[in-house]
Every structure is written in C-alpha cells, then in structure tokens.
Amino acid sequence: MIKFNQVYKRYPGGHEALKNLSFEIAEGEMVYLTGHSGAGKSTLLKLIAAIERPTSGSAIVKGQNIKSLKGSALPYLRRNLGLIFQDHKLLFDRSAFENVMLPLQICGFDHRESAKRVRAALDKVGLLKREKSNPIALSGGEQQRLCIARAIVNRPSVLLADEPTGNLDTEYSGEIMNIFKSFHQVGVTLLISTHDESILRQFPARALALKAGELVI
Amino acid sequence: MKSAILQHLRVIRFTFQRLLHTPGASLLNLIVIGIALSLPVGGYVMLKNIQGISEQMAGTPQISVFLALDTSQDEISRFRKQLKEHAAIDHIEFAPRDLALKQLQLSTGLADVIGGLTQNPLPDAFIIYPVAMDVQKLELLRDDLKSWPKFEHVQLDSSWAYKLEALLKFARLAVLILAAMLSFALIAITFNTIRLQILTQREEIEVSKLIGATNGFIRRPFLYFGLAQGLLGGAAAWLIIAISLQLLNYSLANLTHLYATSFTLSHLSLSDSISLLGFSAYLGWLGAWLSVSQHLWQIEPR
C-alpha cells in the first residue's frame with residue numbers, strides 16, 4: 001500500500017527533514033508514527049499525500065511513485081486518501097454538513113446520494129445532531145471529529161492522521177481512537193502520527209519511531 | 001454526463017448567489033463595465049444612425065455639366081458621342097437649353113418674367129451617371145470633365161454625402177480604437193475582481209486541493225463569475241444606451257418638428273445586441289481566465 005525506499009527530504013535552505021527512510025505498510029494495517037515534534041512526522045505524511053515531494057529515493061503510494069507523479073494525476077491520488085489534520089482545516093463559511101459534503105462535490109457525486117453519505121459519516125463520528133452548526137460553534141474534539149467525517153465520507157482506502165489527538169484531553173482522545181479502530185476493523189489502512197504514549201499503550205499497534213528524520217526502530 | 005451537467009448548473013447557481021451576496025460591490029462593478037462598454041457601443045449606434053441618413057439622402061451620384069452659351073450644335077453632338085464612349089460613364093442625359101427654359105416657365109410660375117427675356121439665359125446641360133460610386137473616382141472624373149473645352153461648369157452632386165462618408169470612416173476608426181482600449185479595461189476589471197475573490201477564498205481553495213479537487217473544478221466558479229459579470233455588464237451598457245436614446249429622441253422630436261420631417265435614432269439591431277452581449281461575456285471570461293491562471297498556482301497546500 002505504502003512503500004518507502006531510501007527516501008530523503010531536504011527543504012530549500014538545506015534542512016534535512018528525512019534521512020534514508022525505508023519502510024512498508026501493508027493493506028489494512030494500522031501503524032503509528034511516533035517521535036518528538038520536529039522529528040519529521042508531518043513531513044512524512046506530507047510526502048505520502050504528495051503535498052511535498054521526496055528529494056531522492058522512491059516513495060510508492062497505491063502503486064504511484066510520488067516523485068514522478070504528474071500534477072494532473074495528483075487530485076485522483078488524494079481522493080483515495082483521507083487526510084486528517086491537526087489544525088482541522090475546516091471551512092467556517094459553511095455548516096458542518098456542507099464541510100463534509102465538499103469531497104463528494106469535488107468528485108461530482110449525485111446530490112441525493114451525497115446527502116445520505118454525509119449523514120452516515122456524521123453519524124459515524126457522533127455529530128449527526130450538529131449537522132447545521134457552523135464548525136466555529138463546535139468544541140475542539142467535535143471539530144476533530146468533523147475533520148474525520150470529511151476524511152472518510154469519500155470511503156478512502158487509506159487514512160492519514162496528523163496528531164489527531166494532539167490538543168485533546170484523554171477522554172476525547174479515547175473517543176477518536178475508538179473511531180479509528182472501527183475503520184481498521186473494516187479494512188482501512190491507517191497511519192496515525194502521535195507523541196501521546198498513553199494512546200500507544202491503550203490501542204497497541206506497530207509503531208514507526210522517528211528521531212531527527214531517521215527511523216530508529 | 002448528467003452529473004456533469006448538474007455540476008455546471010450548480011456552479012451557475014452558486015455564481016449568481018455570489019453576485020447577490022455582495023449586491024453593492026456587484027452593482028458597482030456592473031455599472032463601471034456598463035459605462036465603459038456604452039462609450040464605444042454608443043458611438044457605434046450614432047454612426048449607424050448618421051450613416052442611415054447619408055445613404056437615404058445621397059441616392060445615386062450624378063455629375064451635371066453646364067456648357068458655355070456659345071457651344072454649337074455640332075460640338076454638342078460630338079461631346080455626346082465622346083461622353084457615351086467614356087469608360088467611367090454609365091449613361092448620360094442631355095438637357096437642351098430650350099427645354100430647360102420651358103420647364104422653368106411651367107414649374108415655377110415665372111412665365112411673365114421669362115417671357116420678357118430677349119434671349120435664353122440657360123445653358124445646355126449634360127447629366128452624367130458615372131459607373132463608379134466611390135468619392136475618389138467620382139472626383140477624378142469630375143476633374144477630367146472640367147478640363148474639356150466648353151465645359152463651363154462641372155458639378156458633382158451629393159458630393160457632401162461622400163465627404164460625410166469619408167468622415168464616418170474616420171469616426172469609425174476612432175470608435176474602434178476606443179472599443180479596443182475599453183475592452184482592455186473590462187478585462188482588467190474582471191481580472192482584479194477575480195484576484196480579490198481568489199485571495200478571500202484562499203483557504204477554501206487550499207482545502208479543496210488537499211481533498212482531491214482538480215484545477216478545472218477550482219477554476220470553474222471563477223470563470224463562470226467572470227462570464228456572468230461580463231454578460232450583465234454588456235446588458236447594463238445596452239440599457240444605458242437605450243435610456244440615452246430615449247432622451248435624445250425626445251428632444252430630437254422637437255427639432256425635427258420644426259423642419260417638418262420625422263427622424264428618430266434607433267438602437268442596436270437584434271444581431272448587434274447579441275454580438276454585444278456575447279463579446280462582453282467573452283471578455284469577462286477572458287479576464288477571469290487570465291486572473292485564475294496567474295493566481296491559482298500560487299495557492300498550494302503546505
């Protein structure tokens with residue numbers, strides 16, 4: 001599903017964010033990405049979503065080489081990935097419902113079919129009753145769950161989550177991890193970056209540990 | 001296919017919602033575009049109207065040649081033959097002086113005065129119908145005829161109409177230049193409007209790109225917006241001209257009444273109106289397209 005081979009990422013200015021990274025994530029696997037902030041977790045996720053390109057090495061995602069991926073093929077790769085951001089990236093000029101609707105609009109889904117899917121996704125994260133609310137009226141945990149609903153509404157085969165529990169207290173973190181676990185059970189590939197040790201103990205899975213851009217396990 | 005059409009319809013509905021979302025700014029933009037377009041188009045309408053009058057009044061061009069009083073009958077028949085053979089002349093009419101005098105007596109009621117004359121003061125005359133219609137060739141023919149012996153007075157009728165035509169040609173060029181410049185203005189206005197929209201929707205564009213929107217999907221609402229703005233601006237120009245013509249016609253009615261004629265300025269024809277709307281819509285689309293291609297690539301998610 002995701003295969004990195006001797007991947008380096010050097011930013012303009014010389015900062016080497018990732019060094020000699022080689023790993024593989026199989027289909028349906030749930031994997032943690034751990035390490036301190038600045039260890040390169042976000043950069044790694046950005047490479048998988050083709051937001052950044054590797055400087056050298058090969059990064060294969062769903063059979064596509066990110067380094068040589070054409071700009072016109074990029075949107076179609078991203079439609080297969082569900083992205084969950086630490087800062088949520090929700091749009092505050094529209095309701096929760098419309099936020100979740102956006103990926104389906106982009107793919108050109110029929111309106112009635114989309115509405116059903118949006119409600120199903122909102123139900124999944126427990127926000128069905130808040131569909132008409134503006135995201136700004138939601139709590140931090142609710143915003144994170146809304147972001148998850150938007151990521152899964154398109155039924156992607158891979159979910160990438162960047163510090164999904166970063167700003168949340170333990171109770172909310174548990175809720176969100178339970179949602180992820182249920183996706184894992186239906187065969188979705190998950191890559192979750194976190195620096196929260198308690199989550200790893202509570203929901204054990206394979207972990208890739210990064211330290212100063214290098215894999216340490 | 002059906003979903004593609006539905007998607008376009010949704011974008012169109014969204015475009016009008018966006019126009020109505022900021023009614024003040026939208027209206028102001030439309031008025032600016034309307035005024036900018038109404039200047040050259042109004043000029044074009046005026047020229048069309050003036051051209052209509054000049055065509056009405058000019059008719060077919062004629063050259064009148066008045067011969068010297070001492071021209072003999074032999075000379076006249078020789079001239080007649082030469083004129084008939086002239087390449088630039090289609091046909092001629094001869095008006096003998098005796099006939100002209102009789103007509104004058106009959107038509108003007110000056111019989112008494114004319115009867116008192118001891119000799120006929122009128123000359124023999126040829127009325128010449130040239131082949132060519134354009135001013136330059138007519139003037140060339142006139143100058144040629146002037147050089148003939150005994151051709152005392154050569155007059156190119158309706159030459160004023162031809163001078164007017166030349167003047168109109170000049171004015172038409174001026175209108176064209178104005179139109180070209182203001183077309184650029186329209187493109188610039190749309191360019192800037194779209195630029196501001198892109199900046200205010202930066203976040204939405206970024207998120208859309210992150211969740212798999214193609215460039216075409218992101219570009220589409222802006223292109224439709226430019227198209228709609230151009231189209232409505234063209235309609236505003238049409239209305240501005242219509243209202244101006246109403247006002248002008250109202251005061252023109254007083255004027256033409258004094259001259260016992262009736263004349264009204266007419267608006268653009270249907271096909272010209274459609275051309276105006278089509279052209280302004282195209283310019284709006286072009287401005288939006290330029291703006292989008294200039295600015296959209298700068299917004300990449302990080």
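Me: Which residue is the bridge partner of B:F66 in β4(B)?
Reply: In this predicted model, B:F66 is partnered with B:H153 of β4(B).

Me: And how many bridges join β1 to β4 in chain B?
Reply: There are 5 bridges between strand β1 (residues 63-67) and β4(B), and the two strands run antiparallel.

Me: What is the order of the strands in the open sheet?
Reply: The order is β2-β3-β1-β4 in chain B, 4 strands with antiparallel pairing. At the edges are β2 (89-95) and β4 (151-156) of chain B, each of which pairs on one side only. From one strand to the next, the twist averages 20 degrees.

Me: Which strands does helix α3 of chain B lie across?
Reply: Helix α3 (residues 73-85) lies across β1, β2, β3 (125-130) and β4 of chain B, and runs at about 160 degrees to β2(B). Helix α6 (residues 135-146) of chain B also packs on the sheet, where it touches β1, β2, β3 and β4. The direction of α6 makes about 170 degrees with that of β4(B).

Me: New topic: how many residues does the contact take from chain B and chain A?
Reply: Chain B gives 17 residues and chain A gives 19 residues. The area buried between them is about 1700 Å², with 60% given by carbon and sulfur atoms.

Me: Which residues form a salt bridge there?
Reply: The salt bridge joins B:E204 and A:R94, whose closest N and O atoms are 2.9 Å apart.

Me: Where does the largest share of chain B's side come from?
Reply: It comes from α8(B), with 7 residues.

How values were computed. Residues numbered from 1 in each chain as written. Chains lettered and ligands numbered in written order. Predicted model: local features only at pLDDT ≥ 70, side-chain atom pairs only at ≥ 80, totals over all residues. Heavy atoms only, no water. Contact = heavy atoms within 4.5 Å. Buried area = accessible area lost by both parts, 1.4 Å probe. Salt bridge = Lys/Arg side-chain N within 4 Å of Asp/Glu carboxyl O. Pairing = 2+ DSSP bridges. Axes fitted to C-alpha atoms, helices over the stretch in contact; angles between N-to-C directions.
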